[in-house]
Amino acid sequence: VLGKPSDWQLQALAQAKRPVAFVFDGDAWNLGWSCGQLLRFRGVTAGSVRLPPGADPDEVPQDWLREEVKRCVRE
């Protein structure tokens, strides 16, 4: 999903068998958090990564991002 997920995309992700991690731009962390919480409420292992303000996912170190993705779906 690129950008804000649509309602039908969130419905499809609610059927996910694997963990789901949302990684939005640093200024949209609250959207990622709410999407992760919505899926958790539906029983999906999900979470979100909060990037630094103004950062894009491709601007942060990939090793750091991988670790944050793992962490967010474990909590």
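A residue is called buried when its relative accessible area is under 20%, exposed when it is over 50%, and partly exposed in between, using a 1.4 Å probe and protein chains only. In this predicted model, local features need pLDDT of at least 70 and side-chain atom pairs count only at pLDDT 80 or more, whereas totals for chains, interfaces and linings use all residues. Residues are numbered from 1 along each chain as its sequence is written, and side-chain values use heavy atoms, with hydrogens and water left out.

Valine 20 counts as buried because its relative accessibility is 9%. Valine 20 belongs to strand S1, residues 20–22, where strands (E, at least two residues) and helices (H or I, at least four) are DSSP runs numbered from the N terminus. Apart from residues up to four places away in sequence, its contacts (heavy atoms within 4.5 Å) are Leu13, Leu39, Val44, Thr45, Ala46, Gly47 and Val73. Between valine 20 and leucine 39 the C-alpha distance is 8.4 Å, with a separation of 19 residues in sequence.

## Nonpolar cores

A nonpolar core is a set of buried Ala, Val, Leu, Ile, Met, Phe, Trp, Tyr and Cys residues joined through side-chain atoms within 4.5 Å. The largest such core has nine residues, among them Val20, Leu10, Phe22, Cys35 and Leu39. Strand S1 and helix H2 (29–41) each supply at least two residues of this core. A second, separate core has seven residues, including Val49, Val60, Leu65 and Val73.

Leucine 10, once neighbours within four places in sequence are set aside, is in contact with Pro5, Phe22, Cys35, Leu38, Leu39 and Arg42.
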